[in-house]
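Hi there,

Here is the structure I promised to pass on to you. Have a look at it first, and my notes on what turned up follow below.

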Amino acid sequence: MAKNKTSNSVSTACEVCPQYNANGLKKLGVNIENTDFVVALAGNPNTGKSTVFNALTGLRQHTGNWPGKTVTRAEGAFEYNEKKFKLVDLPGTYSLLSTSQDEEIARNFILFGKPDVTVIVVDASRLERNLNLVIQILEITNKAVLCLNLMDEAKRNNFEIDERALAKDLGIPVVPTSARFNKGIPDLITTINEVANGNIICKPHRIKNVPDNINKAVKKLSSELKKQFPGLPNSRWIAFRLLEGDKRIVEALESGELYK
């Protein structure tokens, strides 16, 4: 027991040291000035998202409030291969339908903030219930990485996951991790870097089983949006939201926020 306690103490000390280097990683703590890339960290509550954040930045959550909101945010940074990455920990949420403040903040940052990479942290032992949020995020962004966290819990419960098959089905890289033990974190960092630099091209698989009448309407509206707003990202997803009467998306189109 004493040995484990000592090991945990050493690990904890490393996490809070902003200049700790391992596998080419430099944890920069709250030093988020002059960053090269912005990385969003999204996921359901209780997936170990904060542990992943801490493992990457060396922080124990540096929190504040989102502008005009009471929901807390956490920001930090790390350096890898001489590039600085700003990491924004989004509120834990089960969906992006914008029915709550947490959902609105998470969705708006991925859509309007246009992060260079969105890391989606899921609980490997509860993968099925986490996939709803994953699919919704992949409707918004083309640059994402699935962090299959809590693999130690999954193995303890005799769950087996074929990471390669999952990556193929989703169209994005999948990295298994146990962030609390720092397992898989070097692979996650490498993958984030590869996606941010365009060395890995993500091709997210989007929802296809849409009723014909809705699909036709979405295609028509999406085509019109592309013509009117050539720089508009994710016209298909935006078409869906417009058809559902999403006032925030209408406002964003009218103000130019979506395609600036």
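**Where two helices meet**

Let me start with a helix pair: V52, A55 and L56 of α2 are in contact with I185, L188, I189 and I192 of α7. By class, this contact of α2 with α7 holds seven nonpolar residues, with no polar and no charged ones. As for the geometry, the axes of α2 (residues 49-57) and α7 (residues 185-196) come within 11 Å and cross at roughly 80°.

**The chain as a whole**

Please keep in mind that this is a predicted model. The chain has 260 residues, of which 46% count as buried, and its secondary structure comes to ten helices and nine strands. Among the contacts in the chain with a separation of 6 or more, 68% are between residues 24 or more positions apart.

Next comes α6, which spans residues 163-170, and whose buried residues are L166, A167 and L170. These three cover an arc of only 100° around the axis, which puts them on the same side of α6. An α-helix has 3.6 residues a turn, so residues three or four places apart point the same way. On the other side of α6 you will find R164, K168 and D169 exposed.

What covers the buried side? The cover of the buried residues of α6 includes α4 (127-138), β8 (144-149) and β9 (174-176).

Both ends of this helix deserve a look too. At the start of α6, a side-chain oxygen of D162 comes to within 3.2 Å of the backbone nitrogen of R164. After α6 comes G171, with a positive phi near 80°.

R107 is in helix α3. Is R107 buried or exposed? With a relative accessibility of 0%, R107 counts as buried. Setting aside neighbours within four places in sequence, R107 is in contact with L96, S98, I140, W237, R241, D246, R248 and I249.

S222 sits in helix α8, residues 212-228. S222 has 7% relative accessibility and therefore counts as buried, the cut-off being under 20%. Not counting residues up to four places away in sequence, S222 touches S235, R236 and A239.

**Some loop residues**

Most residues other than glycine have a negative phi, and that is the background for the next two.

- E82, in the loop between β5 (72-80) and β6 (83-89), has a positive phi near 65° and is not a glycine. At 74% relative accessibility, E82 counts as exposed.
- N158, in the loop between α5 (151-156) and α6, also has a positive phi, about 65°, although it is not a glycine. With a relative accessibility of 68%, N158 counts as exposed.

Finally, G113 lies in the loop between α3 (101-112) and β7 (117-123). Its relative accessible area is 40%, so G113 is partly exposed. G113 and A40 are 73 residues apart along the chain, and their C-alpha atoms are separated by 9.2 Å.

Technical notes. Residues are numbered from 1 along each chain as its sequence is written. This is a predicted model: local features need pLDDT of at least 70, side-chain atom pairs count only at pLDDT 80 or more; totals for chains, interfaces and linings use all residues. Side-chain values use heavy atoms; hydrogens and water are left out. Buried means under 20% relative accessible area, exposed over 50%, partly exposed in between (1.4 Å probe, protein chains only). Helices (H or I, at least four residues) and strands (E, at least two) are DSSP runs, numbered from the N terminus. The arc is that of the directions from the helix axis to the C-beta atoms. Contact means heavy atoms within 4.5 Å. A polar contact is a pair of N or O atoms within 3.5 Å; within protein, one must be able to donate a hydrogen and the other to accept it, and residues adjacent in sequence count only if both atoms are side-chain atoms. Axes are lines fitted to C-alpha atoms, for helices over the stretch in contact, and angles run from 0 to 180 degrees between N-to-C directions. Ala, Val, Leu, Ile, Met, Phe, Trp, Tyr, Cys and Pro count as nonpolar, Asp, Glu, Lys and Arg as charged, and the others, Gly among them, as polar.
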